[in-house]
Amino acid sequence: QVQLVESGGGLVQAGGSLRLSCAASGRTFSGYAMGWFRQAPGKEREFVAVISWSGDSTYYADSVKGRFTISRDNAKNTVYLQLNSLKPEDTAVYYCAAHTRPYYSHSYPAPYYGMDYWGKGTLVTVSS
């Protein structure tokens, strides 16, 4: 069992930055690929970014590429999402999720995207 708790969300002006954190419980965290997803009001949950178990592989949605950075610290059982150059359309609840394999294949459909564990989310609001 893995429990995930996100933090770091909040209200920010367009162009600003936030850093989201996801603290994981469970000794197998370091063996799992981890991802961030988001869901805007009235929209389907969408993929944002994923990182492999060791951090050697990352992948981003086109909408956030070049602005967001995913990273992890296995010693701290934590995965991060740095959000820069934020836009109003980035407003959403951001969810951390764990994939119980070392790498993620990007072939899974919404809404669960092949993720096995989910946090409860943290709200990011970007004002114009």
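**Exercise 1. The disulfide**

Task: determine how many disulfides the structure holds, and state which strands hold Cys22 and Cys96.

Solution. 
- Step 1. A disulfide is taken as a pair of cysteine sulfur atoms within 2.5 Å. By that criterion the structure holds one disulfide.
- Step 2. The sulfur atoms of Cys22 and Cys96 are 2.1 Å apart and form the link.
- Step 3. Distant parts of the chain are joined by this pair: Cys22 belongs to strand E3 and Cys96 to strand E9, 74 residues apart. Strands (E, at least two residues) and helices (H or I, at least four) are DSSP runs, numbered from the N terminus.
- Step 4. The torsion about the S-S bond is -75°, and the link of Cys22 and Cys96 is left-handed.
- Step 5. Buried means under 20% relative accessible area, exposed over 50%, and partly exposed in between, with a 1.4 Å probe and protein chains only. Cys22 has a relative accessible area of 0%, so Cys22 is buried. Cys96 is buried as well, with a relative accessible area of 0%.

The model is predicted: local features need pLDDT of at least 70, side-chain atom pairs count only at pLDDT 80 or more, and totals for chains, interfaces and linings use all residues. Residues are numbered from 1 along each chain as its sequence is written, and side-chain values use heavy atoms, with hydrogens and water left out.

**Exercise 2. The sheet around E3**

Task: give the order of the four strands in the open sheet, and explain why one side of E1 and of E7 is left without a neighbour.

Solution. 
- Step 1. The order is E1-E3-E8-E7, in an open sheet with antiparallel pairing.
- Step 2. E1 and E7 are at the edges and have a single partner strand each, so one side of each is left without a neighbour in the sheet.
- Step 3. From one strand to the next the twist averages 15°. Such angles run from 0 to 180 degrees between N-to-C directions, with axes as lines fitted to C-alpha atoms, for helices over the stretch in contact.
- Step 4. Two strands pair if DSSP finds at least two bridges between them. E1 (residues 4-7) and E3 (residues 18-24) pair over four antiparallel bridges, while six bridges join E3 to E8.
- Step 5. Ser7 stands opposite Ser21 in E3. Ser21 in turn stands opposite Tyr80 in E8, and Cys22 stands opposite Val79 in E8.
- Step 6. Five of the seven residues of E3 are buried. In E1, Leu4 and Glu6 make up the covered face, and Val5 and Ser7 the uncovered one.
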